[in-house]
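The sequence and structure come first.

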Amino acid sequence: MKIAVYPGSFDPVTLGHLDIIRRASALFDKLIVVVMHNVSKYPMFTAEERMHFLRRTTSGLPNVEIDGYSGLLADYAAKQGACTIVKGLRAVSDFDYEFSMALANRKLNAQVDTAFLMTSAEYMYLSSSMVKDIALHGGKITDFVPEEIENEIYRRVRKDG
Ligand code: COA
């Protein structure tokens, strides 16, 4: 069985992530989308909330599982018996960072390769920070996030504000 993991902060999941999830799920027997911690970020949503958003938006994809992990990605991939880490590339500017991460992950776990999917053109500019910024300032995020979670994001942002 070919198992892949798709890691990220997913704070929150966007249509760009969902596009990668759909396409990667067609390439592997099982795709595990794993909510992880990025040391340089302070998430707005808890890990449970981020996993809940992902579950709601991927319920129609039978070979996709949602999980959370607070350790190293290379260890998580080994534990799951994954052969591949999937990442989305949005622009040339993503490349240096992603290249270093892929090399480090391979050094830490020689059994795992990183495969990059090019983000679809309509989501090249999108990021989770952009979605949060727009919602916090009262804008509409309809074109950026899956519709199942749009209202939950507004409710949560209003509660904080
Ligand atoms: N479409 C739209 N937006 C996308 C996208 C796509 N296809 N792919 C990524 N993005 C956005 C994300 O929303 C994110 O936005 P943000 O910066 O506003 O939050 C941004 O692009 C960067 O995404 P990414 O590079 O995937 O970073 P991340 O923070 O989501 O994930 C981890 C990074 C969690 C995978 C990484 O920190 C990690 O592996 N942590 C675990 C610990 C570890 O093993 N560290 C050592 C690694 S060598």
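How far is an oxygen atom of the ligand from an N or O atom in the side chain of Lys 41? The distance is 2.7 Å. The model is predicted, with local features needing pLDDT of at least 70 and side-chain atom pairs pLDDT 80 or more, while totals for chains, interfaces and linings use all residues. Residues are numbered from 1 along each chain as its sequence is written, and side-chain values use heavy atoms, without hydrogens and water.

| Residue | Protein atom | Ligand atom | Distance |
|---|---|---|---|
| Lys 41 | side-chain N or O | oxygen | 2.7 Å |
| Thr 119 | polar side-chain atom | nitrogen | 3.1 Å |
| Gly 16 | backbone N or O | nitrogen | 3.3 Å |

The protein buries 87% of the 950 Å² that the ligand exposes when taken alone (Shrake-Rupley method, 1.4 Å probe). Around the ligand there are 27 residues, of which Ser 9, Lys 41, Leu 73, Ser 128 and Ser 129 come nearest (a residue counts if one of its heavy atoms lies within 4 Å).

Thr 119 is also in contact with Asp 19 (heavy atoms within 4.5 Å). Leaving aside neighbours within four places in sequence, Asp 19 is in contact with Ser 120 and Tyr 123 as well. Asp 19 belongs to helix H1, residues 15-25 (a DSSP run of H or I, at least four residues, numbered from the N terminus). Asp 19 has a relative accessible area of 13%, so it is buried (under 20%, 1.4 Å probe, protein chains only).

Elsewhere, Leu 103 lies in helix H4, residues 92-108.

Methods
Helix = DSSP H or I, 4+ residues; strand = E, 2+ residues; numbered from the N terminus. Buried < 20%, exposed > 50% of the residue type's maximum accessible area, 1.4 Å probe, protein only. Polar contact = N/O pair within 3.5 Å; in protein donor to acceptor, adjacent residues only side chain to side chain.
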